[in-house]
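Hello,

Here is the model for you to look over.

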Amino acid sequence: MPPAAAAGQEAEQPRQRMSWINTILMFLAVQFFVGQLTNKFTQKSVPSPETAAAGTSESGEPVQLAVVPNTVYPYWPTGTKYDFRLYITDSRIFTSFDLDPTLEGYDLKYGDSGYRITKDILFPTTEAVRNNGSVSAHLYVAQSGAEFKPSSPDYDPKKAYEMHFRLSHYMPQKKEVKTKHLLGGDGGETKEEGNEDPAGPPPIMSYWHPNITIGMVPSDQLNYVGMPPPTRQWVPLESTGLRDSTGQNGWYYPIVFNHQFWQLASQMTEINSTVSYLPMSIEFVPVPYWKFQIMVSMDAGLKQQAQSMGQSGAGELEEVKRVLLETNIWLLGLTAAVSLLHMVFEMLAFKNDISHWKNKKDNIGVSVRTIIANVVMQTIIFLYLMDNNENTSWMVMFTQGSGILVEAWKITTAVDIKIEPSTGVIPYSVVFKDKHVLSDTEKKTQEYDQIAFKYMYIAAVPLIGAYAVYSLIYDTHKSWYSFIITTLVGSVYAYGFLMLVPSIYINYRLKSVAHMPRRAMIYKFLNTFIDDLFAFVIKMPLLHRLATLRDDVIFFIYLYQTWLYRVDPTRVNEFGQGGDDESEAAEEKKEIEVTKDVPAEASVTSSEIVVKSTTTKRK
């Protein structure tokens, strides 16, 4: 896809992604503090497993044992030394203890945060793995010197436990769109893999991410029944079902979890028949309990949201993870805070823009051609989003469609649109007619608008033509329709700033900015600076990063014109109020009052006063 066209897709999503980040951060903050308060109020003395009597209370009376314990206590005290062995195989069941461990560690201290064990290997794939099989990890943890093998007579469940989890990922096959050189030629075709039925769902395939992080989580007493399921699944309960004297509480082994939150789908590769080895970068590290809670909750929440939102939602949530991973925490916090202001400014700009056009009395300074061009350009972007709907959310398309309707409504407030018979090839044509007899200033506005667009055509048409020829020769496209839409949307994002020039030119020729919706313009330009900040946070093509600066240039020109033409007795405000009409009304009122105060015999003098007043006003 050409960079300019790709910018169209990326440009519609930064604000929505930042709103996702705000929502996620708020959710995590609330969940974290609620969890901390819950643990604080449920904290009590930790009983020793040695004093537990299964099925009897402290007085020796029988008690009913809870199947699921309410509260769980750490089975191994902090400071316990332990060893671990990690095996990675193509089977979910492991019995081959005669194999060398993939990763191992000895004499580690439970609760210590000063160690990190890593290893890089190439894992040879088997026939089962290449045929959509899975890759699994088998972790065995035991106190130092204790037996690892569960089938051994020396195995003690008080001193050892095991955990098994899948390392490979199953997800819909990444679909490659079939494109080709429309003029023919070699090397321009990308075949669609896997899904033979384009209308059906893509097949589920096995994918691999090279980074494997296994975390040991030191923790204290936990409210087991109150835990969210994503957190509870990683808490290994004591294997014999031991309960305390109340029969309601139990114990758990040290928490070990597979940290997959930062594994982005874009970094995964499909495991197929051509893959002989899987690269692995394995690390075993201690992870604080609060961080463990955040990671597993976010991972589960994003996966659930992705399933409910479909493929487009999954792509947006993937981008949220990428932003969190690659962006500086201070810049991310600043961007999240500023994005709230962005939404406020956007609503205020929309409100004032609608109010300005609703109450505008004339067409002075209005570039009707620019409004029509905006409708055309936004329609092109909308068709482009429709052509790439597998990567675009419906919320973005709804926002784009709403913008088209607002711009079209602005046209109806400036001119009358009629369909009249035509003598050409097309029997009917769309005609734009003025709503009233134009004043001299309105006629000048139309003249300046026509001049501005004349020079814009001279500059834009060769550029668009050159870009279209380049794209046709060197780029691949799905169809001729896709080529036309992609070329047009690329031109819109590359040369769209030309649509802002007519208004600047009209201001220059009229020597006035009174007709501009000042409040709406200020809110919109404030949002352009926020978009500049987004451009450094959200992943997007370089062309669109540069395009975000074009509105800044126009804004500074507008500020200069506001300063240059700041003295304007006929200026109207953003609601179309004031200016010549109200000045004349005030003068007429003044004339009436003067006439009333002057005696009848002094009527000639009164007339002279009125003439002098009018003359002074015109000067």
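Below is what was found, grouped by topic.

**Ground rules**

This is a predicted model: local features need pLDDT of at least 70, side-chain atom pairs count only at pLDDT 80 or more, and totals for chains, interfaces and linings use all residues. Residues are numbered from 1 along each chain as its sequence is written, and side-chain values use heavy atoms, with hydrogens and water left out.

Helices (H or I, at least four residues) and strands (E, at least two) are DSSP runs, numbered from the N terminus. Buried means under 20% relative accessible area, exposed over 50%, and partly exposed in between (1.4 Å probe, protein chains only).

Two strands pair if DSSP finds at least two bridges between them. β7 and β8 (residues 204–208) have four, in the antiparallel sense. Y170 stands opposite S206 in β8. As background, strands of a sheet pair through backbone hydrogen bonds, either parallel or antiparallel.

**Aromatic pairs**

Rings of Phe, Tyr and Trp (its six-membered ring) pair if their centres lie within 6.5 Å; planes under 30 degrees apart count as stacked, over 60 as edge-to-face and the rest as tilted. That rule gives 23 aromatic pairs. In one of them, the ring centres of Y87 and Y140 are 6.2 Å apart and the planes are at 75°, so this pair is edge-to-face. The pair links distant parts of the chain: Y87 is in strand β2 (residues 81–89) and Y140 is in strand β5 (residues 136–143), 53 residues apart. Y87 is buried, at 3% relative accessibility. Y140 is buried too, at 2%.

Y289 and F292 make a tilted pair, 5.7 Å centre to centre with 45° between the planes. They sit three residues apart in helix α5 (residues 289–326), so about one helical turn separates them. Both Y289 and F292 are buried. They also belong to one aromatic cluster with F165, W234 and F257.

**Helix α7**

Helix α7 (residues 368–387) has 20 residues. From first C-alpha to last it reaches 29 Å, close to the 28 Å expected at 1.5 Å a residue. The expected span is 1.5 Å times one less than the number of residues. Its buried residues include V368, I371, M377, Y384 and D387.

**A nonpolar surface patch**

Which residues form the nonpolar patch on the surface? They are L183, V469, Y470, I473, Y474 and W480, with about 680 Å² of accessible area together. Helix α9 (residues 440–474) gives the largest share, four residues. I473 is found in α9 and is partly exposed, with a relative accessible area of 45%. Like charges are joined within 9 Å, nonpolar side chains (Val, Leu, Ile, Met, Phe, Trp, Tyr) within 5 Å. Accessible areas come from the Shrake-Rupley method with a 1.4 Å probe; for residues, only the protein chains shown count as cover.

**Positive phi**

Most residues other than glycine have a negative phi. D107 has a positive phi, near 55°. D107 is in strand β3 (residues 103–109) and is exposed, at 53% relative accessibility. K511 also has a positive phi, of about 55°. K511 lies in the loop between α11 (501–510) and α12 (518–535). K511 is partly exposed, with a relative accessible area of 43%.

Best wishes

Terms used
Patch = residues over 30% accessible without salt bridge, like charges linked within 9 Å, V, L, I, M, F, W, Y side chains within 5 Å. Salt bridge = Lys/Arg side-chain N within 4 Å of Asp/Glu carboxyl O.
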